[in-house]
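Hi,

Here is the structure I promised to pass on. Have a look at it first, and then read my notes below.

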Amino acid sequence: MTPLNIEARYPEYKEALLSALTKEKCREIIDSTKEMKLWIETML
């Protein structure tokens, strides 16, 4: 998720960020976020 924060802080990188976010990359980010959420829940 960190790369997505770059757009908010550095709007001049918006085009580079958008071109890097392919459908596959978005799926990878979503899947890893879900895994992290599950891990955090098991630690609570």
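Arg 27 and Asp 31 sit four residues apart in helix α3, so about one helical turn separates them. Helices here are DSSP runs (H or I, at least four residues), strands are E runs of at least two, and both are numbered from the N terminus. Arg 27 and Asp 31 form a salt bridge, with their closest N and O atoms 3.4 Å apart. That term stands for a side-chain nitrogen of Lys or Arg within 4 Å of a carboxyl oxygen of Asp or Glu. As a rule, side chains of opposite charge can pair when their charged atoms come close. Arg 27 is partly exposed at 43% relative accessibility, and Asp 31 is partly exposed too, at 33%. (Buried means under 20% relative accessible area, exposed means over 50%, and partly exposed is in between, with a 1.4 Å probe and protein chains only.)

Before you go further: this is a predicted model, where local features need pLDDT of at least 70 and side-chain atom pairs count only at pLDDT 80 or more, while totals for chains, interfaces and linings use all residues. Residues are numbered from 1 along each chain as its sequence is written, and side-chain values use heavy atoms, leaving out hydrogens and water.

How many salt bridges does the structure hold? There are three. Besides the pair above, Lys 25 meets Glu 28 at 3.3 Å, N to O. Those two are three residues apart in helix α3, so they also have about one helical turn between them. Lys 25 is partly exposed, with a relative accessible area of 34%, and Glu 28 is partly exposed at 47%. Then there is Lys 37 with Glu 41, whose closest N and O atoms are 2.7 Å apart. Lys 37 and Glu 41 are four residues apart in helix α3, which again puts about one helical turn between them. Glu 41 counts as partly exposed, at 41%.

Now for the whole chain. The protein chain has three helices and zero strands, so you can read it as α-α-α along the sequence. Of its 44 residues, 5% count as buried. The chain exposes about 4,200 Å², and carbon and sulfur atoms supply 62% of that. (Accessible areas come from the Shrake-Rupley method with a 1.4 Å probe; for residues, only the protein chains shown count as cover.)

Leu 44 lies in the segment after α3 (23–43). Is Leu 44 buried or exposed? Leu 44 is exposed, at 84% relative accessibility.

How far can you trust all this? pLDDT is the predictor's confidence in each residue, from 0 to 100. The chain's mean pLDDT is 83, and 82% of its residues reach 70 or more. Confidence is highest in α3, at a mean of 95, and lowest in helix α1 (residues 2–9), at 64. Where pLDDT is low, the predicted coordinates should not be read in detail.

Cheers
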